Structure formats: structure tokens, C-alpha cells
Amino acid sequence: MDAEVGIIGVGTMGSMAAWQLAKKGVSVLGFEQFGLGNDRTAAGGESRLFRTAYMEGPQYVPLLLKAKELWRKLEKESGNSLLTLNGGLMIGEEDSDVIRNVLKSISDFNLPHEILKGDQARHRYPQFTFYDDDLVVLDKEAGFIRPEMAVVSASHLAMAHGANIKRYTKVDNLTPESGGVRIITDDGKKYKVGKVLISTGAWTSKLMPELQEQLIPRRLLLTWFAPKNLADTGADRLPIFARMRGDFRLTGVPTLDGSMVKASYTKDPLAIEDPEELYRDVYPKELERISEAVETLLPALFPDPVRASAYMDAYTPDDHALLGELPDWKNVFVASGFSGHGFKLSPVIGKIIAELMIDGKTESNISHLEPGRILKGVE
Ligand SMILES: Cc1cc2nc3c(=O)[nH]c(=O)nc-3n(C[C@H](O)[C@H](O)[C@H](O)COP(=O)(O)OP(=O)(O)OC[C@H]3O[C@@H](n4cnc5c(N)ncnc54)[C@H](O)[C@@H]3O)c2cc1C
């Protein structure tokens, strides 16, 4: 036996799981096809939004509150600043589903917030266009994370606790067998571990074709814009934001030095056939929609992106991840399908994985992430 736990894919979730497992004293063998914290994974692109008043549903709030505590722990243990809470504006039509979820999260969990309307919002945040039926919610427990640094920090802490992480090593195959799981890497080497975690993000359906209907790789563009006035867009002046209006959905965050704002269009990203063939550049045509959205909703920015690049994440049919042991695959666990909103949760996902794999249970309510809900019958 080479280790108690094998982790295939040491990206966002894999690095957090490795940190939590190794801290528990579990022997960990990780495999990562690229280097640690590299920006070809779903952790690329400089920043990730952290939000607590959650438009994806209030069932996430307890996980987000735990995640926040664990971000602070990771910062303390690594000595790196990873999460900045500069507040978050959730802006949308008052009767939309997303705003309803934001308000329900706040009322169910008594989250610190402010609600702004009309001229009050216009006066305080002149960077945006507001309409009379917009509701503006300031989530005070929101901000941004430094994703590459987070993955590097968790991976190196895991190694400091004894984890062995093989970089530039791709796993080609895994097979459950008696007493554990056999793993074969692309250099033909064979390993045996007691249990395995599949945290291969957008590449999961490549490694596990059985899951290709449930875990679809999708391509997301990130775009950065120059401000018309630098004084409007520093992190102290501009909170992170999700600006929804009809078909437009913009999410954004100021860059660390305030010289640009990353404002991206993350609704309905394009499904791609083969994650290994991701087109990482951007076609000019693709920028029309985001430029139009910025011009309409964010007049503080010049509407032509000054930088753009493409990334991937795995999406499930209901946009909630798969987390737990795979039905009919003994000792094989999955943490994938975070559907464009998993980064903020990653430390708590790492902790839950460690609990499920070692203790066989978790106190966190993850019924909405249970793999069995959409994997029935997958063999
Ligand atoms: C552009 C973009 C913007 C986003 N914005 C936000 C946001 O603001 N807030 C938020 O909370 N979330 C956001 N998300 C979502 C979040 O980043 C992802 O849900 C999360 O990072 C997914 O983590 P993962 O571990 O599943 O995938 P990854 O981080 O991609 O990790 C998968 C790892 O597995 C490795 N791997 C794959 N196959 C193999 C193999 N066969 N052998 C060895 N290694 C392998 C990969 O190289 C990679 O390192 C965004 C995602 C994208 C793409």
C-alpha cells in the first residue's frame, strides 16, 4: 500500500483535501498533471469572489460561514493573506430568483448587510447604472480570494505535514480492487492506495467517462477593464459585485492595485467536448456581449476589455457539485462539478472530504451535494 489516501488532481479541492487529511495524520499521495497553483486549472485568473448572502441558495450559508473560518486558519498556518473582505454588492431586480435567494440567506442566518435603493445606491456607488426596480444588497461578509496563492499555500502545508504530491504526473486510470484502489499514471507506474479522491475538475469526465453526462466541462471567459477614473475602482471604494439585469449577469472584482476591474460574464458558459483541447485565447466576437454589458451597467469603466483569457470548470445538470463516495465504486470519492462557484467553499470542502474519507461521516449538511442524487445507475 503506497498511502491511505490517493488524491487525483491537486488543484482547488485536491489541495484543500490534502491539507486537511495530512493535518489529521493521514498518509496522502497526490497526483497533479501540472505544477501546483498553475493557472490552467479552475483556480486561474488572479481572484475569486467570496460571497455569503448566496444567490445559489441559502443551503450554502452554513458551509460558507465555516469556509470563512477555515480561510482565516489557512492564512494563519501559511502566513499568507488570502481573503480580503471589502464587501459585496448583489444588484438585481427585486423579484428575481437570485435576489430572492440573497434575501432568504440574509433572513435565515441573520447575515450582516445593508439594503440600498434608488438614489441612495446611485449616490454611494456611481460606478453602476441602477434602475428603479433594482434592489441593491451590500453583503458585508463578501470580498475576494487570491486563488493561485491559496492552492500553493494548502499544497505546501500538506507537504509540510507529510503528504507526497507528485507534480507533472497525470493519472490515466483507476480501478477499485480488494482492500483499496489501483492507480496507473501516464508513465506506466502503478500505485495502490486505501481510498481515492477524484478532484480532477473539468477533466473528470476524461478520467471517468462514466460521469460524462453529469460533469460537463464548460469554458468561462475572464475579462479585465480599465477604469475611467482610478479613484473609483480601488478595493476600498468598489466592493466585489454581481450585477444582474435581464439576460446580463456580470460578476466583478477590482484588481489588487485598483488599476483594472475584472468584470466577467459567467452565465451559461459554453460546453466543450474535450478539456484537453480548451481554446485559451478569446475570439473577438466573444467580447461583444461583455462589452455591451459593461457599457450598459458599469459606466465607470471603458467598455473594451484590456485583457481576456479562458478557463474551465465542471458543471452538473443542477449546478450543485458532487461530493462524497461514488455509488457502486467502493473507496472512490469525488469532489467535482462545482459549476462556476466552488472556490470560496474549497477549504470547507477539503475538511468535509477528510471527514467523509476517514471518519465515514460529516456534521455538515451536504444533502444538496450528495452524488447519489444524479448518479443513480451509473456504473
Ligand atoms: C473563470 C472562472 C471564474 C470563477 N469564479 C469564481 C468565483 O468568483 N468564486 C467562486 O467561489 N468560484 C468561482 N469559480 C469556480 C471555482 O474556481 C471552481 O469551482 C473550483 O476552482 C473548481 O475546483 P476543482 O478542484 O474542481 O478544479 P481545479 O481547480 O481545476 O482542479 C482540478 C485539478 O486536477 C488536475 N487534473 C485533472 N486531471 C488530472 C489527471 N488525470 N491526473 C492528474 N491531475 C489531473 C488539474 O490539473 C487540476 O489541477 C470560477 C471558475 C472559473 C473557471
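Select Glu177 first. Glu177 is partly exposed, at 33% relative accessible area. Buried here means under 20% relative accessible area, exposed means over 50%, and partly exposed lies in between (1.4 Å probe, protein chains only). The model is predicted: local features need pLDDT of at least 70, side-chain atom pairs count only at pLDDT 80 or more, and totals for chains, interfaces and linings use all residues. Residues are numbered from 1 along each chain as its sequence is written, and side-chain values use heavy atoms, with hydrogens and water left out.

**Stop 1: salt bridges**

Lys192 and Glu177 form a salt bridge, with their closest N and O atoms 3.5 Å apart. The term needs a side-chain nitrogen of Lys or Arg within 4 Å of a carboxyl oxygen of Asp or Glu. Lys192 sits in strand 12 (residues 190-198) and Glu177 in strand 10 (residues 171-177), so the pair ties together parts that are 15 residues apart in sequence. Lys192 is buried, at 18% relative accessible area. Helices (H or I, at least four residues) and strands (E, at least two) are DSSP runs, numbered from the N terminus.

Next, pick Glu114 and Arg124. Their salt bridge has its closest N and O atoms 2.9 Å apart. Glu114 belongs to strand 6 and Arg124 to helix 4 (residues 118-124), so this pair links parts ten residues apart in sequence. Glu114 is partly exposed at 25% relative accessibility. Arg124 is partly exposed too, at 31%.

Now select Lys189 and Asp187. Here the closest N and O atoms of the salt bridge are 3.9 Å apart. Lys189 is partly exposed, with a relative accessible area of 46%. Asp187, at 47%, is partly exposed as well. Then show Asp133, Asp134, Arg243 and Arg245: salt bridges that share partners join them into one network. The whole structure holds 26 salt bridges.

**Stop 2: the ligand**

Select the ligand and the residues around it.

Zoom in on the ligand's oxygen atoms. One lies 2.7 Å from an N or O atom in the side chain of Lys344. A backbone N or O atom of Leu49 is 2.7 Å from a ligand oxygen. A polar backbone atom of His341 is 3.4 Å from an oxygen atom of the ligand. Taken alone, the ligand exposes 1000 Å², and the protein buries 97% of that. These areas come from the Shrake-Rupley method with a 1.4 Å probe.

**Stop 3**

Most residues other than glycine have a negative phi. Go to Asn110, in the loop between helix 3 (97-109) and strand 6 (113-116). Asn110 is not a glycine, yet its phi is positive, about 55 degrees. Asn110 is exposed, at 69% relative accessible area.

Finish at Asp328, in the loop between strand 19 (322-325) and strand 20 (332-336). Its phi is positive, near 70 degrees. Is Asp328 buried or exposed? Asp328 counts as exposed, at 58% relative accessibility.

Key. Polar contact = N/O pair within 3.5 Å; in protein donor to acceptor, adjacent residues only side chain to side chain.
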